[in-house]
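Take a look at the protein shown here.

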Amino acid sequence: MTGALLDLLRAAERRPLSAEEALRLAESDDLPALMAAAAARRDAHHGRIVTYSRKVFIPLTQLCRDVCHYCTFAHPPRRGERVYMTPEEVVAIARAGAAAGCREALFTLGDKPELRYAAARRELEALGHPSTIAYLAAMAQLVFTETGLLPHANPGVLAAADIAALRAVSVSQGLMLETSAERLSERGGPHFGSPDKCPARRLETIRLAGEAAVPFTSGILIGIGETRRERIEALLALRALHDEHAHLQEIIIQNFRAKPGTRMADAAEPGLDDHLWTIAVARLVLGGAMNIQAPPNLQPGALASLIAAGINDWGGVSPVTPDHVNPEAPWPQLAALERATNAAGKELEQRLAIYPAYALAPERWLAPALRPAVLRAIDADGLARPDPWSPGASDPVPERELALIAAPRPSRIDGTLGAILARAQRGETLDEAAIVGLFAARGPDFTAVCAAADELRAAVKGDRVSYVVTRNINYTNVCYYRCQFCAFSKGKLSENLRGRPYALDLEEVKRRTREAWARGATEVCMQGGIHPDYTGRTYLEVCRAVKAAAPDIHVHAFTALEVSQGAATIGLSVSDFLLALREAGLGTLPGTAAEILDDEVRRIICPDKITTAEWFAVMEAAHALGLRSTATIMFGHVERPVHWARHLLRIRALQMKTGGFTEFIPLPFVHMEAPIYLKGRARRGPSFRECVLMHAVARLALHPHVANIQASWVKLGPRGVAACLDAGVNDLGGTLMNETITRSAGAIHGEEMSPQRMEAMIESSGRRPFLRTTLYEPAADERRRAAFAAAPLAAVVNTPARKYQRSPEFPRPLAGER
């Protein structure tokens, strides 16, 4: 390697290369050095992930007003053939793609054929559309409506109005720059006679797409007569537009393939080394964060080399339709593509037609009508959800993740990941980036994280899995807060009135408490909506009622929100109110109302609720008085892994100060009836991989300060819980008796898990059941006998809160009635 090249590569590690520096790369033939530097830049941003999009290719028309000398896709009108695909033909292809698991509908077509061919104009008139672009927009909308596939439009040079029309019906658009060399459009060049291949016109389309905030695909075509310097000039032109608008979601480095029957049939194709050189230089010029793609069907024997040169994406691959632009080059089978990607040390992951960074910012990059579909299709990283599973739903637990959890811990772990796991197992505080890195684990890395968490669980808690016999008493579902994730609360301000508002009489609270004690419970867990008529005195009365009904039962009650609101309503400080609650019988606090402990997220999901600082202030005050609490996280809606990391670090920090948290409980977002989901503004809960990782990473990130990690059977179901037991979990929470909050959100896993079923579930995982109290002491033998001999639950009586009832079947509320 020359000193000049070494200086350039070192500069590329620190900052974007200047145009002058980038152009100097054209002088270098040190391919190994360029590829190594490019791969390192790629890995720093994309890690071990290489993506692809599962698509169908819809060639809406193969007529084109241009005559590129290397193209076999476009052709003149043919006798007896339609100019445009019919709507029925378009939908048939899209439906076949949807049935095969495709997510993208790629519309590729010739550029403005109606400007050249009368046949195109006549057929457009018969179809009822004034232009090819108008017909394309209609077909994109039809495909989206009929099949749910996300359209990507690739129709050629566009005006601003065309871009706007397509933005309303597609999640992304594309136009290959191909080259910025004007001379290739001169007589004798490959673009002579093709007005839409004028580089200035194509760059203007790409600029207009940036102004319109369209996630955009572009790239260069190498081997059509350009020089290496001209390739870099084209990349610099694209970089300048991206620097201004941040809209280029991917750059394709495509190699020219000579095709029989074209004017360039005998032209020399670029060699593999030339392709690799261009990929590596593109990575160095465009930076580590850019998504750089090389079509796998055009270099089928060199996939590992393409990865080594710096790509991080394979583009669209179709299990249904051929590559109509390169029909001589069949798509690789997805299984073969995954094997080749794995062999190169990478993990193949599916994305959408819109890349992750853009999918995660839908307000900026997507038309409103498309946002819900994208959010429902992605995980927290913005990649395509790999399966239909969601928390609380009936879909089966994905076998892929189960196999990865069960796999032996990899003998070789990436150095960075291995160092993070070792630090966590030593009990060191991980930084935010390290925790985010753990949440990014996929494939063998996912196996390694789960195995490390399980090893730590075994060392700290052994093979014992604990649970508590408890009864949930949600004393009211009337609430004047408007949390966007909540399907439980009811009332005049509730956005989702599914079911009737109620406020339990104290006698019903007492009855449920007595019944719980008779059925072996050691605890009642009580929380509810923030009823407009309730004050701190209400919560004190509830505590006293419970202790009057069963003096020995443990009262686990009142979120930080209820404590904060209750204190304010009777003019007490939080500490003084907690003292009063303790005297009235309160034993511990549930750590709910935490949701995501980051105000960036709270402003979206619960803007009128207590802040992160206020939640921690209540918990710290409780711990100072000897009142212990749980800690929770409710995840899988609008937040990102960085917010999970911040949440865990903040929990760890308070635990190191107070030691007051008894356990950490991940609560996956159950989406089915949640207002924010029904409005199209949230994901459909975490993926199964994310659920398992939340438990595993919590075990690692909170060690050694939080010893108990709990999984929620009501959200995960038995198979989901069993998976988490192999990923750091040692506790399954309560039997519940009357679970209503998660069921209100649409979950199906039931309202009670009997001790017999709980212990059978634990034993089937090869672990020992342990019946505990709230504070993780052994439950008394008498409690165990009562729990295992429990009679069926009596019917509950939910006292109607008629004042907050919208249904006309209820009479006018009685005076003073709640």
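A residue is called buried when its relative accessible area is under 20%, exposed when over 50%, and partly exposed in between, with a 1.4 Å probe and protein chains only. By that rule, 60% of the 818 residues in the protein are buried. This is a predicted model: local features need pLDDT of at least 70, side-chain atom pairs count only at pLDDT 80 or more, and totals for chains, interfaces and linings use all residues. Residues are numbered from 1 along each chain as its sequence is written, and side-chain values use heavy atoms, with hydrogens and water left out.

Start with the overall form. The C-alpha atoms fill a box of roughly 95 × 65 × 45 Å along the principal axes. A contact means heavy atoms within 4.5 Å. Of the contacts between residues at least 6 apart in sequence, 77% join residues at least 24 apart.

Now the surface. Accessible areas come from the Shrake-Rupley method with a 1.4 Å probe; for residues, only the protein chains shown count as cover. The protein exposes about 29900 Å². Carbon and sulfur atoms supply 53% of that area.

Next, the secondary structure. Helices (H or I, at least four residues) and strands (E, at least two) are DSSP runs, numbered from the N terminus. The protein has 32 helices and 18 strands.

Helix 25 covers residues 612-624. Which residues of helix 25 are buried? They are T612, W615, F616, V618, M619, A621, A622 and H623. After helix 25 comes G626, with a positive phi near 85°.

Note on methods: The expected span of a helix is 1.5 Å times one less than its number of residues.
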